[in-house]
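Hi everyone, thanks for making time this morning. Let me put the structure up on the screen, and then I'll walk you through a few spots.

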Amino acid sequence: MTARTLVVGLGSPHGDDRIGWEVARVLTDRLPAEVCVRETAIPANLLDWLPEYAVCHLIDGCSLRGRLGTLHRWKWPAGDFATLSERFSTHGMSLIEALRFAERLQILPKDVTIWGVEIGNTRQAADLSAELSEQIPTLAETLAEEIGCA
Amino acid sequence: MTSSERKIRVEALTRVEGEGGLYVRLRGNVVEEVRLDIYEPPRLFESLLRGRNLNEVPDITARICGICPIAYQMSSVHAIEAALEIDPGEEIRRLRRLLYCGEWIESHTLHIHLLHAPDFFGYPSGLAMAADHPTELKRGLRLKKHGNELLELFGGRAIHPINVAVGGFYRLPETTAVARLIAEFEWGLQAAQDAARWVASFEFDDLEQPYEMVSLVHPDEYPMNEGEIHSSAGLRLAANKFEQHFSECQVPHSTALHCLRSDTQSSYLVGPLSRLNLNRERLAPEARAIADELITDWPCANPQRSIVARALEVVHAYSEALAILREYRRPRVARVEPVPMLAAGAAATEAPRGLLYHHYEIDQSGAIASATIVPPTSQNQAQIEADLRALVQSIVDQPESEIERRCEHLVRSYDPCISCSTHFLRLSVERAQ
């Protein structure tokens, strides 16, 4: 892996929605120092970070009614997101809107992968569920291998 | 609805911070009612602060807004320091101005490029505009990033910073970390001037209004943290006398209070346009030169041209930030420790959107006994409605879609922060006998 690589864990402090942050924290120690690993609750922050990188991996919670902890993978541009509407607000710019915006500004890295982890409880200010927490090492191991730095 | 009655309703304004709508009722060619409906739920921050230790106040008030948290922190620490008679000293004072520069850069460039500029080109959003104007928007995002970097360095993080303390800062960055920003800010100073020329080239409707403009005025500097409250109608008062001359009132259609001049019950204007008109001669030299180049008809009282005022303030913020960054040496003392006592104090600072007033009563133990916060969007609400009324009356024969578009554009000219303004709740209790 030679291209400048950015890994971003997205999440919020609400239950299993923390998973992007938690996996990113483990990856910080697993990945080489030249890979930049960041965490954010605000997808719009990607607009500040993306221009400096050629490869980007985004890790976020998702809910596709699969088994808790199941890892999904999408390569951008992904057809699954094509029908999502463009609802642009600085209070609520979604991950997909931020990527579309970056694409139109021509600051999107050539290689963007979105990793979705199936989550359950997202109760306000709750901790990560124990069941999902147990899967963090495995998820981080898988992602480290996929990112190419295991 | 009678045959001559027309209603225009915008259920949800887009490209504003927070949730609000707009309602206009016409009868024939007469505007009967105009309302800026703010239905975002009350935030209740003044009540939340009661009983909390005074040292918690800047962290709690920073949560009022994700775009302008520094303004809330600054007004709160100045008010509490005024109460406790604390003087943090000149070094801290300059670093607070530096932090405020970061917020002005971040907030203003966001509004200019993503929220307001699309109106002048007919795009529904910044996203829609991006493909056709990538150079300008990329420049805007890079400027915004600089603002965020200042907030991260001196505030601890860009959103809801945690490093501002009563008496100073909890920790100050190393000189080397600050020096790393200088090259980017030198680029930013030039880019901000280019951005100002770009926005000044937009086509503006003729919307000049007879505003009473209100802003802080400081004898030696463009106002941010300190100064007297002045108005274009001749008002002059110390910031802690705000509540004697301005009063908040409830209106049925809004969860935010309206603030009016107490003596005349009239609306007034706060924000970059007022600041610029009342303080033009105190702009940094680069900003003053470009202000004179781009605006030749002073006072500038067209709300749409507030985008130019914002761009000029970004130039000023870069110039002042650069001067402070270049001279930065990490102070030996970051904070004067506050000593609690029974006291009261008030202060006003200039948030990106205008004058932000805080007043606190503190008890013997250092707990907050009462808090009053008057944000700029509350102060501008009545003026926005007055402007809308005048605008609609002037275009009353236009199709509804055009009236709606023009009204939304006008509201966005103010960069209203609706989330900040909603901290009011009326509670009615009826007890059965």
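Look at the side chain of A:Gln135, which reaches the backbone oxygen of A:Leu68 at 3.2 Å. Please keep in mind that this is a predicted model. A:Gln135 sits in the loop between helix H4 (130-133) and helix H5 (136-147) of chain A. If we leave aside its neighbours within four places in sequence, A:Gln135 is in contact with A:Leu68 and A:Gly69.

Now over to chain B. Here we have an open sheet of 3 strands, in the order E1-E2-E3, with antiparallel pairing. Strand E1 (5-10) and strand E3 (30-38) of chain B are at the edges with a single partner strand each, so one side of each has no neighbour in the sheet. From one strand to the next, the twist averages 10°.

Strand E2 (residues 20-27) of chain B is joined to E3(B) by 8 bridges, and B:Arg25 stands opposite B:Glu33 in E3(B).

Which helices lie across these strands? Helix H13 (residues 376-394) of chain B lies across E2 and E3, at about 145° to E3(B). Helix H14 (residues 400-413) of chain B lies across E1, E2 and E3, at about 45° to E1(B).

One more stop: the hairpin formed by E12(B) and E13(B), with 5 residues between them. In its turn, B:Gly366 has a positive phi of about 95°. The two strands run antiparallel and are joined by 6 bridges, and B:His359 has B:Thr372 as its bridge partner in E13(B). Why is strand E13 of chain B largely enclosed by the rest of the structure? Because 6 of its 7 residues are buried.

Methods: Residues are numbered from 1 along each chain as its sequence is written. Chains are lettered from A and ligands numbered from 1 in the order in which they are written. This is a predicted model: local features need pLDDT of at least 70, side-chain atom pairs count only at pLDDT 80 or more; totals for chains, interfaces and linings use all residues. Side-chain values use heavy atoms; hydrogens and water are left out. Helices (H or I, at least four residues) and strands (E, at least two) are DSSP runs, numbered from the N terminus. A polar contact is a pair of N or O atoms within 3.5 Å; within protein, one must be able to donate a hydrogen and the other to accept it, and residues adjacent in sequence count only if both atoms are side-chain atoms. Contact means heavy atoms within 4.5 Å. Buried means under 20% relative accessible area, exposed over 50%, partly exposed in between (1.4 Å probe, protein chains only). Two strands pair if DSSP finds at least two bridges between them. Axes are lines fitted to C-alpha atoms, for helices over the stretch in contact, and angles run from 0 to 180 degrees between N-to-C directions.
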